[in-house]
Amino acid sequence: MTRPGFLWGAATAPHQVEGNNVNSDWWVLEQRMPGMERSGDACDSYHRYAEDMRLLAEAGLDTYRFGIEWARVEPSPGHFSRAELAHYRRMIDTAFDLGLTPVITLHHFTNPRWFAEEGGWMGERAIERFQAYVQAVTGILDGVEWVCTINEPNMLALMVTMSRAAQSGDARSWMSPTVEGAARPVLPNPDPEVGHRLAEAHDAAREILKKHTGAAVGWTVACQALTPTPGNEDKLRELRYIREDLYLEAARGDDFIGVQSYSSQAVDEHGVVPHPQAPDSTMTGNAYRPDAIGIAVRHAWEATGHTPILITENGIATPDDTRRIAYTDEALRHLFACMDEGIDVRGYIHWTAVDNYEWGHWGPTFGLMAVDRETFERKPKPSLAWLGEVARRGGLA
């Protein structure tokens with residue numbers, strides 16, 4: 001059983017659910033990149049967020065992690081939209097009204113298109129621009145207890161690396177960084193230079209948030225649960241630093257670290273071993289590894305110097321909801337084993353609340369709810385009721 005105050009929730013990202021995020025760099029990319037499906041109306045959660053939250057709360061969950069879209073809040077450099085800030089404050093108030101704890105993400109992969117045109121995260125004014133945005137958002141964070149500055153900076157650094165390849169003509173068609181398979185069996189390494197810049201941005205944002213809000217502040221890392229094949233421990237350490245530890249070490253001294261876990265991969269003398277294609281591979285090409293969360297949590301606990309952990313994403317892309325329940329049940333057993341060992345875990349937030357736009361693809365379904373893309377009707381899956389019941393009990397039966 002979990003302790004009182006343990007968070008049980010589900011997560012979304014603004015670009016994946018809101019719809020018509022026309023001022024973002026991702027929207028621009030979607031219009032130009034061959035092989036990339038468009039987000040379009042997405043799940044229309046910009047208008048239907050209250051229904052999404054109500055369904056989560058009614059099921060028994062007590063937490064909703066959602067993002068604020070920088071491209072909406074600052075449509076042009078230095079010009080902040082009071083209406084958009086008010087919109088996100090209404091979302092926060094709606095969560096409070098429904099008894100949900102809001103966990104707010106300030107940056108979830110997407111940038112304002114003007115920021116990208118200035119050079120993005122490697123532009124001369126990048127840190128200053130992000131600071132101004134964070135400062136503007138602090139005005140709507142009254143009462144918010146959890147803020148994630150940047151989502152998966154290691155994946156964001158990877159996206160910057162991939163974007164450079166696309167701009168140089170090296171990429172002929174889109175391959176989502178979250179979808180693997182025969183076309184690209186292993187994701188490339190993120191550029192550490194980008195990683196260090198993102199760590200600088202995180203530090204700058206944390207300083208502003210700690211000064212102007214009472215929230216616990218951290219960032220979230222894609223924890224890949226890498227393991228060595230015999231004799232390749234040194235190769236593991238080398239690759240894990242570039243892919244993960246640079247970002248975990250930057251969280252030392254934070255109020256929490258967001259651990260995001262889906263699967264596990266081995267490392268041999270050549271590098272990361274491709275996911276084996278098996279009958280139980282997920283819709284994103286990942287191996288079915290509910291034990292990955294335990295590997296990820298134990299490593300994050302050590303690498304951060306025992307920073308408290310919040311599971312900010314864990315889930316599975318599958319059309320079979322019974323598999324989602326089975327995966328989550330086993331993942332939670334591994335998580336509870338970590339807690340029994342004395343690791344400080346503050347909550348479990350499932351990815352994702354609704355089937356959504358998976359960064360260039362509509363196929364993979366991670367949601368606790370299905371969405372009719374014509375009518376936007378929400379259809380809760382059995383996994384939502386199951387997880388809500390786990391939350392009510394505070395543990396597994």
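The structure holds 23 salt bridges. Keep in mind that this is a predicted model.

**Stop 1: two salt bridges**

Select R48 and D44. Their side chains meet in a salt bridge, 2.6 Å from N to O. D44 has 13%, which is under the 20% cut-off, so D44 counts as buried.

Now select R125 and E128. These side chains also form a salt bridge, 2.7 Å from N to O. R125 is partly exposed, at 39% relative accessibility. E128 is partly exposed too, with a relative accessible area of 41%.

**Stop 2: a link between distant parts of the chain**

Select E341 and R298. They form a salt bridge, and the closest N and O atoms are 2.7 Å apart. Where do the two residues sit? E341 lies in the loop between α12 (321–340) and β11 (345–351), while R298 belongs to helix α11 (residues 292–303). The pair is 43 residues apart and links distant parts of the chain. R298 counts as partly exposed, at 32% relative accessibility.

Next, select R3, D344 and R346. Salt bridges that share partners join these residues into one network.

**Stop 3: the open sheet**

Select β6, β8 and β9. These three strands form an open sheet in the order β6-β8-β9, and the pairing is mixed. Strands of a sheet pair through backbone hydrogen bonds, either parallel or antiparallel.

Look at the edges, β6 (226–228) and β9 (271–272). Each has a single partner strand, so one side of each is left without a neighbour in the sheet. How many bridges join β6 to β8? There are three, and β6 runs parallel to β8 (residues 265–268). Zoom in on P228: opposite P228 stands V267 in β8.

**Stop 4: the helix on the sheet**

Check the ends of α10. The helix has 17 residues, but its end C-alpha atoms are only 19 Å apart. A straight helix would reach 24 Å at 1.5 Å a residue. Where does α10 bend? Select Y241: the helix bends there by about 65°.

Finish with the buried residues of α10. Among them are L236, L239, L246 and L248. The buried set also includes R240, R243, E244, D245 and Y247.

Notes: Residues are numbered from 1 along each chain as its sequence is written. This is a predicted model: local features need pLDDT of at least 70, side-chain atom pairs count only at pLDDT 80 or more; totals for chains, interfaces and linings use all residues. Side-chain values use heavy atoms; hydrogens and water are left out. Two strands pair if DSSP finds at least two bridges between them. Helices (H or I, at least four residues) and strands (E, at least two) are DSSP runs, numbered from the N terminus. The expected span of a helix is 1.5 Å times one less than its number of residues. The bend at a residue is the angle between axes fitted to the seven residues ending there and the seven starting there. Buried means under 20% relative accessible area, exposed over 50%, partly exposed in between (1.4 Å probe, protein chains only). A salt bridge is a side-chain nitrogen of Lys or Arg within 4 Å of a carboxyl oxygen of Asp or Glu.
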